[in-house]
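Open the model in your viewer and keep the sequence panel alongside. This tour goes stop by stop, with a selection at each.

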Amino acid sequence: MSWLTVTVTRMEKLCALASRREIMDILQYEFMQRAFLVGTFLALIIPCIGMIVVLKRLSLMGESLAHTSLAGVTFGLIMGYNPTFCATVYCILAALGIEFLRRKFPQYSDMAIAIILSGGIGLTGLLSGFVSSTANFQSFLFGSIVAISNFELGLVLAVSLMVLGTFLLFYKELFAMALDESAARLSGIPVGWVNTIFTILTAVTISVAARTVGALIVSSLLVIPVACAMQLKKSYFQTILWAVFFSLAATWGGLFLSYYTGTRPGGTIVMLEIGILLCLLVGKSRF
């Protein structure tokens, strides 16, 4: 049976279920309830982080930290520690390393990201040869949002509340620094401390999201919803709200589709976000 036949069969099954109004039945399963809960919280906080990252021209920072988190995962799998915890520690160290190199090379901030990215990939490649269970490692590569543990659920909820609280607390400072870091420093904002706090929050968010949606695609979740929202040409605050809306829509839609079509949730969510962005770009060019 060809892949096209399988895909058509799955889509026919999805349409049949939709016609019988049985789509909401997936919420009767505990693992899907956890998946929707985790996906919702991540969809709320990732665009907030992504908005600042995009405005600061650090879109590849997510890619760098996601690959570095894999080094923590491999270390945890080798030593028998919790991989998510190890990934978080490695991400924080990598984020602080990026911030340190950015200060040493203020005119070449992209070079700092490239250095940490190279180090993360190299360390992951070195340690991956000692991992006995490749299945566990692959679950971090492509995500496993429908198979998260209670510990990971609690971790996501705690991180989400921390990120939202900090983002609201430093809302004005982050906005000023994203537009012009030099002007923010002259206005009396403690740029160094705020940057450090934001960098740590970014690292923690990415490490947690990498476990659920996949380290290879987590950076897409940072950038694409923000790119979609920017097409509407709204204010800074409205752009954040629209980015959260697009992120939630893609997350919920991706979980529904992945459940009934058998595709990976992380990849499905990203492709939906790409589809939304293409529709906005086409609509913007036509109208």
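**Stop 1: the end of H3**

Select glycine 80. This residue follows H3, and its phi is positive, near 85°. The model is a predicted one.

Now step back into the helix. H3 covers residues 61-79. The helix has 19 residues and reaches 27 Å from its first C-alpha to its last, close to the 27 Å expected at 1.5 Å a residue. Colour H3 by accessibility. Of its 19 residues, 14 are buried, so the helix is largely enclosed by the rest of the structure.

**Stop 2: a nonpolar patch**

Select isoleucine 78, in H3. Is this residue buried or partly exposed? Isoleucine 78 has 32% relative accessibility and therefore counts as partly exposed, since buried means under 20%.

Together with Ile78 they make a nonpolar surface patch of about 430 Å².

**Stop 3: the salt bridge**

How many salt bridges are counted here? The count comes to 1. To see it, select glutamate 181 and arginine 185, and show side chains. The two meet at 3.8 Å, N to O.

Both residues are in helix H9, residues 181-186. They sit 4 residues apart, which means a separation of about one helical turn. An α-helix has 3.6 residues a turn, so residues three or four places apart point the same way.

Check the accessibility of each partner. Glutamate 181 is partly exposed, at 22%. Arginine 185 is partly exposed too, at 48%.

**Stop 4: threonine 261**

Jump to helix H12, residues 236-261, and select threonine 261. Its relative accessibility is 9%, so threonine 261 counts as buried.

Which atoms lie around its side chain? Show leucine 257: its backbone oxygen lies 2.5 Å from a polar atom of the threonine 261 side chain. Then show threonine 263. A polar contact of 3.1 Å joins the side chains of threonine 261 and threonine 263.

**Stop 5: the whole chain**

Clear the selection and zoom out. The chain has 13 helices and 0 strands. Of its 287 residues, 46% are buried.

The accessible area comes to about 14,200 Å², and 68% of it belongs to carbon and sulfur atoms.

Take contacts between residues at least 6 apart in sequence: 76% of them join residues at least 24 apart.

Technical notes
Residues numbered from 1 in each chain as written. Predicted model: local features only at pLDDT ≥ 70, side-chain atom pairs only at ≥ 80, totals over all residues. Heavy atoms only, no water. Helix = DSSP H or I, 4+ residues; strand = E, 2+ residues; numbered from the N terminus. Buried < 20%, exposed > 50% of the residue type's maximum accessible area, 1.4 Å probe, protein only. Polar contact = N/O pair within 3.5 Å; in protein donor to acceptor, adjacent residues only side chain to side chain. Patch = residues over 30% accessible without salt bridge, like charges linked within 9 Å, V, L, I, M, F, W, Y side chains within 5 Å. Areas by Shrake-Rupley, 256 points an atom, 1.4 Å probe, with all protein chains shown as cover. Salt bridge = Lys/Arg side-chain N within 4 Å of Asp/Glu carboxyl O. Expected span 1.5 Å × (residues − 1). Contact = heavy atoms within 4.5 Å.
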